[in-house]
Amino acid sequence: MIVAMQETAREEDIQRVIDHLIRMGFSVHRSTGVRQTVVAAVGARVDFDVRNLEVLPGVQEVHRISAPYKLAARSFRPQGTEIRFPNGVSVGGEQVLVMAGPCSVESREQLFTIADHVRRAGARALRGGAFKPRTSPYSFQGMGIEGLKLLREAGDKFGLLVISEVMEISQIASLLPYVDILQVGARNMQNFNLLRELGRVRKPVLLKRGIAATFEELLLSAEYIMMGGNYDVILCERGIRTFETYTRNTLDISAIPIIHKLSHLPIAADPSHGTGLRDKVAPMARASVAAGADALLIEVHHDPERALSDGAQSLYPEQFSKLMSELQMIASAVERKIA
Ligand code: PEP
Ligand code: MN
């Protein structure tokens, strides 16, 4: 249930509503917008009479949400969620955050070469897996903590935020000192224990759509994180599995406007995993920005033929630079800016 307060509501009015809901057994989440406060009450009480709330001072309207997700629903924060980082970069506002880097951290030389390049080309965040979810147990599994240290060092040196994947609960504490954004991979979108634990963290989480997940399932997974009080969730469309085998996955560009309608959370696109093919990454990245993506996650490698993972979908540095200048033009056509 959503209680939208009047713009003129006083703090004591808001508190009265919250106290009432808590008394009635709901778990309460508050969203304070610039103009209006919205209170979400989560809990299954079919017998609850909404008129008891409607008559309280300062209440503008009360409505039950029929969608199974509540905190991720657009009505919880009609104005949208903007996640701000200390360096002035933000996601979900005017800026489109470009996160770029190798699939996996492989060595200091590899990471620093790529980080230097993507920063010069205009990216503001460095991606790189230290813990890798590989389809085959015989494939490179990542550098672990050493990889995280390199990411932080490169991030600090080149002025880039750092994003890296967390695969299990026990890794959260290891990642926290080194990353600015924790990534949950497609394979873990429904690892509910991990999601719950990330709800306790106070750092943004990028949650990738599972290969066979509906929007409702994706938003319910975001709800698991938000229930714990961590509202800084960035969703990510990274391609779903369809009958088509030409591409690695089918990047669902329509996810971008659909998520914007269903949810207030920002949505990123990952055209690298979304296509699996280097020469399809740039067109899909351009299409994603045109469709309203709030961020992009792109794999870049200076020597992709020798990459330990996903070389075939990694852009050469020059391709990435060219793409960045194209994205600037597309972004300004849709009243956004590349960050
Ligand atoms: C990744 O971004 O490195 C990754 C493993 O992606 P996904 O979870 O989308 O497969
Ligand atoms: Mn990859």
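Trainee: Which residues in helix 10 meet which residues in helix 11?

Mentor: This is a predicted model, in which local features need pLDDT of at least 70, side-chain atom pairs count only at pLDDT 80 or more, and totals for chains, interfaces and linings use all residues. Side-chain values use heavy atoms, without hydrogens and water, residues are numbered from 1 along each chain as its sequence is written, and chains are lettered from A and ligands numbered from 1 in the order in which they are written. Helices (H or I, at least four residues) and strands (E, at least two) are DSSP runs, numbered from the N terminus, and contact means heavy atoms within 4.5 Å. Arg 278, Ala 282, Ala 285, Arg 286, Val 289 and Ala 290 of helix 10 meet Gln 319, Leu 323, Glu 326, Leu 327, Ile 330 and Ala 331 of helix 11.

Trainee: What describes two packed helices?

Mentor: The angle between their axes and the distance between the axes describe them. Here helix 10 (residues 278-290) and helix 11 (residues 317-333) pack at about 20 degrees, with axes 9 Å apart. They are therefore roughly parallel (angles under 35 degrees).

Trainee: Which strands join strand 3, and how many bridges does each form?

Mentor: Strands pair if DSSP finds at least two bridges between them. Strand 1 (residues 2-5) is joined to strand 3 by three bridges, running antiparallel; Ile 2 has Ala 40 as its bridge partner. Strand 2 (residues 27-32) is joined to strand 3 by six, also antiparallel, and Thr 32 partners Thr 37. Four residues separate strands 2 and 3 in a hairpin.

Notes:
Axes are lines fitted to C-alpha atoms, for helices over the stretch in contact, and angles run from 0 to 180 degrees between N-to-C directions. Angles under 35 degrees count as roughly parallel, over 145 as roughly antiparallel, 65 to 115 as roughly perpendicular and the rest as oblique.
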